[in-house]
Amino acid sequence: MPEYGKPEYWDQRYAANDTHFDWYLSFASLQAHLPFDAGLSKSSPILIVGCGNSRVSAALYELGYEKIINIDISSVVVDQMREHYGTSHPNMEWYTMDACKLDFPSEHFDLVLDKGTLDALLCGTDSQENATRM
């Protein structure tokens, strides 16, 4: 089984194919399940965990939610996404970061969105421990 919890796996995957890809659901399908009517304002800070090369954060940005921080364990995809969206979505931020070792204060975000990172962690070494840390 591939080591989905390792940055090397994802770096290699994204270096080989930089096409946008959404695991599980597209943003259009996911949108109905987001808490837009539950107090999430356009100025709410949002964290996208394991952003990969999904268009989810771009779609949120285009709806007016511009305070978005994207993190991924792969520096390759973070660089690709920063280059792709840096000009058109200037307020979005991109960081190479392990979801198990976040570098943000507690309760910093009004919405934390994870579409597939937990599944990836559960397929790797020390899966239960890493999932608990996330």
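What follows is a conversation about the labels and the values behind them.

Modeller: Two notes before we start. This is a predicted model, where local features need pLDDT of at least 70 and side-chain atom pairs count only at pLDDT 80 or more, while totals for chains, interfaces and linings use all residues. Residues are numbered from 1 along each chain as its sequence is written, and side-chain values use heavy atoms, with hydrogens and water left out.

Colleague: How many helices and strands does the protein chain have?
Modeller: There are six helices and four strands, where helices (H or I, at least four residues) and strands (E, at least two) are DSSP runs numbered from the N terminus. Along the sequence they come in the pattern α-α-β-α-β-α-β-β-α-α.

Colleague: Why is Ile 48 called buried?
Modeller: Buried means under 20% relative accessible area, exposed over 50%, and partly exposed in between (1.4 Å probe, protein chains only). Ile 48 has a relative accessible area of 6%, so it is buried. Its place is in strand E1. Across the protein chain of 134 residues, 37% are buried.

Colleague: And what does Ile 48 touch?
Modeller: Contact means heavy atoms within 4.5 Å. Leaving aside neighbours within four places in sequence, the contacts of Ile 48 include Val 56, Leu 60, Ile 69, Ile 71 and Leu 113.

Colleague: What makes a set of residues a nonpolar core?
Modeller: The members have to be buried Ala, Val, Leu, Ile, Met, Phe, Trp, Tyr or Cys residues, joined through side-chain atoms within 4.5 Å. The largest one here has 25 residues, and Ile 48 and Leu 60 touch the most other members. Helix H1 (7-16), helix H2 (27-30), strand E1 (46-49), helix H3 (56-62), helix H4 (75-85) and strand E4 (111-114) each supply at least two residues. H3 gives the most, with five.

Colleague: Which residues does Leu 60 touch?
Modeller: Not counting residues up to four places away in sequence, they include Phe 27, Leu 34, Phe 36, Ile 46, Tyr 65 and Leu 113. There is also a second, separate core of seven residues, among them Ile 69, Ile 71, Met 97 and Phe 109.

Colleague: Ser 57 is in helix H3. Is Ser 57 buried or exposed?
Modeller: Its relative accessible area is 3%, so Ser 57 is buried. Its side chain makes a polar contact with the side chain of Asn 70 at 2.9 Å.

Colleague: What makes that a polar contact?
Modeller: The term means a pair of N or O atoms within 3.5 Å; within protein, one must be able to donate a hydrogen and the other to accept it, and residues adjacent in sequence count only if both atoms are side-chain atoms. The Ser 57 and Asn 70 pair, at 2.9 Å, is listed as one.

Colleague: Why does His 20 count as partly exposed?
Modeller: His 20 has 30% relative accessibility, which puts it in the partly exposed class. It sits in the loop between H1 and H2, and its side chain reaches the backbone oxygen of Asn 53 at 2.8 Å. His 20 and Ser 54 are 34 residues apart in sequence, yet 5.5 Å apart in space, C-alpha to C-alpha.

Colleague: Why are H1 and H4 called oblique to each other?
Modeller: Their axes come within 7 Å and cross at roughly 40°. Axes are lines fitted to C-alpha atoms, for helices over the stretch in contact, and angles run from 0 to 180 degrees between N-to-C directions. Angles under 35 degrees count as roughly parallel, over 145 as roughly antiparallel, 65 to 115 as roughly perpendicular and the rest as oblique. H1 and H4 are therefore oblique. Asp 11, Tyr 14 and Ala 15 in H1 meet Ser 75, Val 76, Val 77 and Gln 80 in H4.

Colleague: What is the phi of Glu 107?
Modeller: Its phi is positive, about 60°, although Glu 107 is not a glycine. Most residues other than glycine have a negative phi. At 80% relative accessibility, Glu 107 counts as exposed.
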